[in-house]
Amino acid sequence: MAWAPDHLARAFRHSTRVVSVPETALEISLRAVEDQLKICGHKRDADVFELFLSQKELTEVIDLSRFKKLKYLWLHHNKLHGITFLTRNYCLTELYLNNNAIFEIEGLHSLPSLHILLLHHNELTDIDATVKELKGMLNLKSLSLYQNPLCQYNLYRLYIIYHLPGVELLDRNQVTEKERRSMITIFNHKKAHIVQSIAFRGKVDASWNPRSPFKQKPAQRIPPDFSFANNVDKTVFDDPEDAVFVRSMKRSAMAITSLNWDTVSTREEKYLDEQGTESAQMLTITLR
């Protein structure tokens, strides 16, 4: 059977059709980076101080260590799960990672210059691992973690303030002195005990080393050797409420005495003198 010219042409086009291969996640990321470099007119990696890669549908990012002087990086509103691509960007000061799907932040500890870090609206669940990764950032001043599962932990905000004392702005709210005092009372029992001892003019053990592990005595509601008006007891309590209770029992008593007017006869009762006049009674109230 002879083939018509048009049939041969269609067969040839079908045999030479190019099949397009979808880009990988890293290729999409590389293309986004190269597009930004063209927009900004950068020809050398050393000239790059900022990269705007938000809203690019990125699930992965190429290694950005080639940009040694990178200071500002926008990656918010993507689909990232981790941030292992930041390892040698030591000059990075501002990092915007909010509105992603990040569930771990391993690698952030290698960013000592970081000043602002936004991580809200992600999937961070392990508060201890998150704090451990952020502890080495001595220059971190502004941090946002709200709208993460770890925010559901009890005392979440005070826990972050305690472990990251350098942070001044947490979840868009200024860290207050009241919060810093509260976190010391809750998480640092030894320091709170010293502060209270100084406040009540007690003697403080100057030999205590803050780096050494602190061993608490067994908690006791009322110590066996407890005696009123004895202010030399140095028992340490696990529960601060126990210490407050014992201290309140040791305070000096104050008595207020007043006439009980319910026992004073009225003028009519004195006039009638039906049952005889009884002496008035005194009412005494003792406060400690």
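Guide: Contact here means heavy atoms within 4.5 Å, while helices (H or I, at least four residues) and strands (E, at least two) are DSSP runs numbered from the N terminus. This is a predicted model, in which local features need pLDDT of at least 70, side-chain atom pairs count only at pLDDT 80 or more, and totals for chains, interfaces and linings use all residues. Residues are numbered from 1 along each chain as its sequence is written, and side-chain values use heavy atoms, with hydrogens and water left out.

Visitor: How many helices and strands are in the protein?

Guide: Counted as DSSP runs, the elements of the protein are eight helices and nine strands.

Visitor: What do the buried residues of H3 pack against?

Guide: Buried means under 20% relative accessible area, exposed over 50%, and partly exposed in between, with a 1.4 Å probe and protein chains only. In helix H3, which comprises residues 127-134, the buried residues are Ile-127, Thr-130, Val-131, Glu-133 and Leu-134. Because they cover an arc of only 160 degrees around the axis, taken from the directions from the helix axis to the C-beta atoms, they lie on the same side of H3. Their packing partners are strand S4 (116-118), S5 and H4.

Visitor: Which backbone nitrogen does a side-chain oxygen of Asp-126 reach at the start of H3?

Guide: A polar contact is a pair of N or O atoms within 3.5 Å; within protein, one must be able to donate a hydrogen and the other to accept it, and residues adjacent in sequence count only if both atoms are side-chain atoms. At the start of H3, the side-chain oxygen of Asp-126 comes to within 3.1 Å of the backbone nitrogen of Asp-128.

Visitor: Is Asn-89 buried or exposed, and which backbone oxygens does its side chain reach?

Guide: Asn-89 sits in the loop between S2 and strand S3 (94-96), and because its relative accessibility is 0%, Asn-89 counts as buried. A polar atom of the Asn-89 side chain lies 2.8 Å from the backbone oxygen of Leu-64. The side chain of Asn-89 also reaches, at 3.2 Å, the backbone oxygen of Phe-67.

Visitor: What is the phi of Gln-55?

Guide: Most residues other than glycine have a negative phi. Gln-55 belongs to the loop between strand S1 (50-52) and strand S2 (72-74), and it counts as exposed at 59% relative accessibility. Although Gln-55 is a residue other than glycine, its phi is positive, near 55 degrees.
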